[in-house]
Amino acid sequence: MTTFISSNLGYPRIGEKREWKHALESFWGNNITEKALINQTTKLRLANLEKQQKLGIDWIPVGDFSFYDHVLDTAFSFGVIPTRFQDLDEKSLDTYFGIARGTKEAVAAEMTKWFNTNYHYIVPELNDVTPKLVENRPLTYFLEAKEKLGIIGKPVLIGPVTFVKLSKGYEENELSDWVEKFLPLYAQVLNELTEAGAEWIQIDEPILGTNISNQELELIEKTYQTLRAEAPQAKILLQTYFETVQHYQKVVQFPVNGIGLDFIHGESLELIKKWGFPKDKVLAAGVINGRNVWRADLDTTLELVEEINGAVDVETIILQPSCSLLHVPVTKDSESKMDPIILNGLSFADEKLKEIQAITEGANKGKASIQTILEESKTAREALAHSSYRQNQSVAQELKELEGEEVKRTIPFSERIRLQREELKLPILPTTTIGSLPQTAEVKGTRTKWRKGDITNQEYLEFIDIETKKWIQIQEDLDLDVLVHGEFERTDMVEFFGEKLNGFAVTEFGWVQSYGSRCVKPPLVVGDVSWSNPMTVREIVFAQSLTKKPVKGMLTGPVTILNWSFVHEELPRFTVQNQIALALEKEVLALEKAGVQIIQVDEPALREGLPLDHLKWPAYFDAAIKAFRISTATVKPSTQIHTHMCYSEFSEIFEVIDALDADVISIETSRSHGELIDTFEKNKYDKEIGLGVYDIHSPRVPSVEEIKLNIERALRTIDAKQFWINPDCGLKTRGEAETVAALENMITAAKQVREAYSVTNK
């Protein structure tokens, strides 16, 4: 008879009220000592473990905590410190944070998305590094849980192949050599954990859900053969998530003690039904969605567990979320203002663990043992499904009218750009920013007062106008060519629209870590999405009234709103995406009608939503292109459409970005140290483009010369007539002084390059 055990893969590190974030930022601001930071985060970490213990989880993860990022933790533990930081103390928190955030002397390491999520990791740099075990962090956290709480935790490590694959600084043919360099260190970590009493060790290899080559598959198999030989007592759970495991038949035969599969995303159930599962291994089944916030259909989940059990012949099945709960908010207990129909349909991290525990009990003792829980869950789900949120017939009709229709601009770019240049009369190498400007404590505090009702709506609008006026003047004084209103009325680039579009709901405390201490509150798509009234026109028109220079209208695109929201599962995602696109089209046209000449529809999340399986890419891209065009294609030819993307591997989606048919695209390149520019040496891009010339995620102010070098490098492959000069992302999180200083240097650099270009081309 199969025994079912409950488990978790990882828990949110930020705290119910973002205590982790506040501690970090207090430390960075020199308001608390390093000792105080460690004490505060230790208290939070232990509270998180104790909470999981009280919820009855059998296998509680340890080592999933981080001061910034778990990939950076792995690199730091193994002495992978970029050469520009190697004169610093290899164990110091200052060095650790310096790599993540940069210092006055050295730029931060590159940051990019963790597979197809909105979580960012710090990219390890392997060049000129000799790996060594500086600190066994999983052991430290294991012993802490054991000694202080009596928890025999399940240490969590990033697997060696995934770690090296996500790193940079080596040639493709050196992958195997680099993995081999880390194996003795991993073996030492495993042996020390086993000696300390660790019963199971979770090694995450999400790279197995991607389209790895046969050669890479052989490398992974060899890796675990080596670890088995060098750490024979370690009980390894090889954990995968986010997608179907490629080469399933081979992977399940690897010399490990258990395999973790995602049964929410991908086709794991079909694979085990077709090919079975080894009798001598534990199966860890991810049966609760770790990436969405909607209450599970527990009856269906129990049926899934029964199907899994019927397809395998193993003694033990672990029931767990599909991935780490890092990607969802902590608890819905703090939500006091939400419609109960929506609230009852939600499940955050704590609620998901309760669902896991209920399913485990039901699988072990029978459905009747959790009948009350099943009925409560069913009632809550049905109430939301039949609510007015999901009954908008006019939206359905609009979507029907789009079926089979090709959506595109009325004339090609080559003709549009002439009209736009005549209208805008911008200089060569025009300067602008991406959109948001610094949100000071005063801005945030005033917004909080407004939300609490301490100030009136009129008082709040007047404050926003004052802040907008101040920054329009700053931009005028800096002599930027295209201005922005600053987005001071916006909390977040997606949440803001979630508060204004029909079919959305927002939370009070539904925070999720995005990068470092940066947390976001993804809105909830609870039903059919539609537009009622202008959302941005008032602020843009006011800003434009203050200057003769063009002010960009700023919107977030349909793909990004979809990918950065928690979307209900009653309709296909692409259908919801088109609903959002239709709503945004109305806002775009409202801006145009109000006289806005440049409208930026940002899609920073276009690439991150890609399925890990490349075979699923064409459908995703076709849907993304259509949604963006629905939003933007109906404007006049003289209206210039911009878009912005973050951390996109441009070369992989070059044709897709071209097909969006935006007139200008701005894209991050500063943290990747100009690598993106190589794409333009191999591909012809005829539209206009701005490559971010300095990194806004670091507090350091780049010099004029540094920015000039970035511009000049780009101009070796991109025609100056196509090139825009801008930071690599919005400036919301930066301080006012550093923002002004950095922009001043950027504009000075742009003018110097512009002058040199004019002299050369006389």
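Helices are DSSP runs of H or I with at least four residues, strands are runs of E with at least two, and both are numbered from the N terminus; helix axes are lines fitted to C-alpha atoms over the stretch in contact, with angles running from 0 to 180 degrees between N-to-C directions. The model is predicted, so that local features need pLDDT of at least 70 and side-chain atom pairs count only at pLDDT 80 or more, whereas totals for chains, interfaces and linings use all residues. Residues are numbered from 1 along each chain as its sequence is written, and side-chain values use heavy atoms, without hydrogens and water.

Helix α18 (residues 457–478) packs against helix α20 (residues 537–544) at an angle of about 40°, the axes being 10 Å apart. The two are therefore oblique to each other, a class left for angles that are not under 35 degrees (roughly parallel), over 145 (roughly antiparallel) or 65 to 115 (roughly perpendicular). In contact, meaning heavy atoms within 4.5 Å, L461, D465, T468, K469 and I472 of α18 meet R538, E539, F542 and A543 of α20.

A cavity is a set of points, on a 1 Å grid over the protein atoms alone, where a 1.4 Å probe fits but cannot get out, and its lining residues have an atom within 4 Å of a point. Volume is the space filled by probe spheres set on the points, which are joined across faces, edges and corners. The largest cavity holds about 500 Å³ of space, and among its 31 lining residues M493, R518, W564, C729 and G730 are the closest to its centre. Strand β15 (553–556) gives the largest share of this lining, three residues.

Technical notes:
1 Å grid on protein atoms, 1.4 Å probe; cavity = no way out; pocket = protein on both sides within 12 Å on 5 of 7 lines; lining within 4 Å.
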